Amino acid sequence: MAKIKPRVKVPRSVKAGEFFTVKTLINHKMESGQRKDKKTGKKIPRKIINFFEASFNGTPVFTADIQPAVSSNPFFQFSMKVDGPGKLAFKWVDDDGSVYETAKPIKIG
Amino acid sequence: MKKTTRTAMIGAFLAASLAFSAQAGGMNTELVIDTDNGPVKIITHVKNPPKGSPLSELYSGWVFRSKETQALETDDFDNPGMIFVEQARDAWNTPDGTVGKSCADCHGDPSSMKGLRTVLPRWDAKLGKLMTLEDYVNESRVKYMGAKPWKYGGGQLTAMVALISMQSRGMPVNVKTDGPVRKFWELGKKLYYTRVGQLDMACSNCHEDNYGKYIRADHLSQGQINGFPAYRLKNAKLNSVHGRFKGCMKNIRATPYKVGSDEFKALELYVASRGNGLSVEAPSVRN
């Protein structure tokens, strides 16, 4: 499988107290655990991203428990507003325990 | 009362048979893509196509898609095709083959490929044959990297073609149709207008005579290939031009030519020339 690279898009600068949109995407197969290997007939074990969290300066602003029905390369988009600049951190948790993280600075301008 | 109904029906009938250009008046042809390098304007509508074009106006396939599908292409972040482009970018920087070189070792950044897509397929005098972008990638892999060629129409090759095509985004397609490629172009033209298969249809029956109309639930486009490789929501991957040709031929219950065959390369050249003037749009999003 291709290297897992989370991607995030935030506006270059935002205005304090005004809503802005955050888009996130992570490339992941999201193996549901329901499929069978065509050759061996055995079930392919489940391997999905089961949790996503975005936090601003340590405070969670958006979290999601993800279930097997979510398609591959899960895309999340949400709106938020801030009072001042800071760091928006993102975290994806995989079934195998891996955690993929990235962060974006939020600038007021 | 009866008379009014009839008049209304005639009115509706007339409206339905109006030329496509009138309908297009209400269609959105404004496409600006938000990319990492700022906005890129895409030409999706050419009012005066180059001389000799069989079409009175050119439209990118984007124009015929639903509002939601169109929106996916307006921001690179939303474009699912970019996942594959990113994979191709990794492959671009990864050495492969016996020579131990990567694409980047000779070519540097993929942006050095700017403009290449607009002129392909073209005649290569050195190699003495008609070359598509796929051919060039594999030529380099075999000759300079000592690597195995990628499967024509396969995922890796199509993603690499998308990465290279993307560098020319916004630039108008401008393939040559004269000189040594003329005979391939003529062959492509012949294939385009030849009825085949159990349904006895030619490319032109849908994409020239009836574009803009619905064939059951499908909104027929002009069959332009400026947006290829295209991400299709239907199969959630990038689709090559030849893959699309194959799908079309199956739809009319004909036996398709092989992906990567001379026939499809000739057809690719001919169809590309019909879109001269439209912007390269790859990787586009279609349904």
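A few ground rules before we start. This is a predicted model, where local features need pLDDT of at least 70, side-chain atom pairs count only at pLDDT 80 or more, and totals for chains, interfaces and linings use all residues. Residues are numbered from 1 along each chain as its sequence is written, chains are lettered from A and ligands numbered from 1 in the order in which they are written, and side-chain values use heavy atoms, with hydrogens and water left out.

**Chain A**

Let's look at what chain A is built from. It has 0 helices and 7 strands, where helices (H or I, at least four residues) and strands (E, at least two) are DSSP runs, numbered from the N terminus. Read from the N terminus on, the order is simply β-β-β-β-β-β-β. The radius of gyration of chain A is 16 Å, well over the 13 Å that the globule rule gives for 109 residues, so chain A is more spread out than a compact globule. (That radius is taken over C-alpha atoms, and the rule is 2.2 Å times the number of residues to the power 0.38.) Along its principal axes, the C-alpha trace of chain A spans about 60 × 20 × 20 Å.

How much of chain A is buried? Of its 109 residues, 34% count as buried; that word means under 20% relative accessible area, while exposed means over 50% and partly exposed lies in between (1.4 Å probe, protein chains only). As for contacts (heavy atoms within 4.5 Å), take those in chain A with a separation of 6 or more: residues 24 or more positions apart account for 56% of them.

Now for the strands. Two strands pair if DSSP finds at least two bridges between them.

| Strands in chain A | Sense | Bridges | Residues opposite each other |
|---|---|---|---|
| β1(A) and β2(A) | antiparallel | 4 bridges | Lys9(A) and Lys23(A) |
| β3(A) and β6(A) | antiparallel | 7 bridges | Ile49(A) and Asp94(A) |
| β6(A) and β7(A) | antiparallel | 8 bridges | Lys87(A) and Pro105(A) |

One open sheet in chain A has 3 strands in the order β1-β2-β5, with antiparallel pairing. Its edge strands are β1 (6–9) and β5 (75–80), each pairing on one side only. From one strand to the next, the twist averages 15 degrees. (Axes are lines fitted to C-alpha atoms, for helices over the stretch in contact, and angles run from 0 to 180 degrees between N-to-C directions.)

Elsewhere in the chain, β6(A) and β7(A) form a hairpin with 4 residues between them, and Gly97(A) in the turn has a positive phi of about 95 degrees. Is Asp94(A) buried or exposed? Asp94(A) is buried, with a relative accessible area of 2%. Leaving aside neighbours within four places in sequence, its contacts include His28(A), Lys47(A) and Tyr100(A).

**Chain B**

Two packed helices are described by the angle between their axes and the distance between the axes. In chain B, the axes of α8 (residues 182–193) and α11 (residues 262–274) come within 7 Å and cross at roughly 85 degrees. The two helices are therefore roughly perpendicular to each other. (Under 35 degrees counts as roughly parallel, over 145 as roughly antiparallel, 65 to 115 as roughly perpendicular and the rest as oblique.) Among the residues that meet are Phe184(B) and Trp185(B) from α8(B), and Leu267(B) and Tyr270(B) from α11(B). The residues of this contact divide into 11 nonpolar, 2 polar and 3 charged. Here Ala, Val, Leu, Ile, Met, Phe, Trp, Tyr, Cys and Pro count as nonpolar, Asp, Glu, Lys and Arg as charged, and the others, Gly among them, as polar.

Helix α6 (residues 133–143) of chain B is mostly covered, with 8 of its 11 residues buried. One of them is Val137(B). The buried residues of α6(B) pack against β5 (122–124), β6 (129–131), α7 (155–166) and α11 of chain B.

Helix α7 of chain B holds Met160(B), which is buried with a relative accessible area of 1%. Beyond its neighbours within four places in sequence, Met160(B) touches Val137(B), Trp92(B) and Trp150(B), among others.

Finally, Asp76(B) sits in the loop between α3 (67–73) and α4 (81–93) of chain B. Asp76(B) is buried too, with a relative accessible area of 9%. Leaving aside neighbours within four places in sequence, the contacts of Asp76(B) include Asp34(B), Asp36(B) and Arg169(B).
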